[in-house]
Amino acid sequence: MKGNEMTARTRSLQMVLAAGVVCLGSVAQSDAPRCMSMRFLPIAGVETAPGPYQTFCDKVPDACVLDGEDVIEWTDALYDSLSAINAEVNREIRFVPDQERLGVEERWDFPVEGVGDCEDFVLEKRRRLIDLGVPSAALTCGIAVHQVQLFPHAVLLVETSIGTFVLDNLEDEVMCWDALPYLYLLRERTDGLWDRFQLQ
């Protein structure tokens, strides 16, 4: 995408998000599914960040600072922003595994030259949403395993007033976390640690 097109789209999304802030309480509860919050899942333990993610944070510390509200109100404007960014990044970035592209099993980073793997999609989506004014504390990384195909996977988790939603490079639609076929293993916390979920 050309720079001018990107700037125009970003400004447009910023205006949408700002409009939602002005229209206090315009909650899109009629159309949005009400999700359970992942905050209520049983926790087996708390641990340090996965090594490749910590390496990324050491390199780009500002990208890993999670501050502001950790639960954000669900509004039409928020939904529009989440949907637009999710689909936009999924369309712009071509998925290539780290092993194929870099010769390493896993490396967290922003996409380079329009290429990345699932972790890179997560980081890019969070960066763009933060640029729109979404509090970073409500945008956490999650690590899961696909329950059928058994591949490890990273997604962006968005904590809202009507539950936890997922931005996934395999789905353009913003969905409830439990509507996807994933077994969630880890979730980032705002203090830099990660929750490990108790597997049922």
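# Exercises on a predicted model

Arginine 39 and aspartate 70 form a salt bridge whose closest N and O atoms are 2.6 Å apart. The model is predicted: local features need pLDDT of at least 70, side-chain atom pairs count only at pLDDT 80 or more, and totals for chains, interfaces and linings use all residues. Residues are numbered from 1 along each chain as its sequence is written, and side-chain values use heavy atoms, with hydrogens and water left out.

**Exercise 1.** State where arginine 39 and aspartate 70 lie in the chain.

*Solution.* Start with the criterion: a side-chain nitrogen of Lys or Arg within 4 Å of a carboxyl oxygen of Asp or Glu. By this rule the count comes to 12 salt bridges. Arginine 39 is in the loop between α1 (3-22) and β1, and aspartate 70 is in the loop between α2 (51-59) and α3. The pair links distant parts of the chain, 31 residues apart.

**Exercise 2.** Give the strand order of the open sheet and identify its edge strands.

*Solution.* Two strands pair if DSSP finds at least two bridges between them. Seven strands then follow in the order β1-β9-β8-β4-β5-β6-β7, with antiparallel pairing. β1 (43-47) and β7 (171-176) each pair on one side only and are the edge strands.

**Exercise 3.** Describe how α3 and α5 pack, and classify their angle.

*Solution.* Axes are lines fitted to C-alpha atoms, for helices over the stretch in contact, and angles run from 0 to 180 degrees between N-to-C directions. The α3 and α5 axes are 10 Å apart, at an angle of about 140°. Angles under 35 degrees count as roughly parallel, over 145 as roughly antiparallel, 65 to 115 as roughly perpendicular and the rest as oblique. The two helices, α3 and α5, are therefore oblique to each other. Now list the contacts (heavy atoms within 4.5 Å). Among them, Ser81, Leu82 and Ile85 are on the α3 side, and Phe121, Glu124 and Lys125 on the α5 side.

Definitions and conventions: Helices (H or I, at least four residues) and strands (E, at least two) are DSSP runs, numbered from the N terminus.
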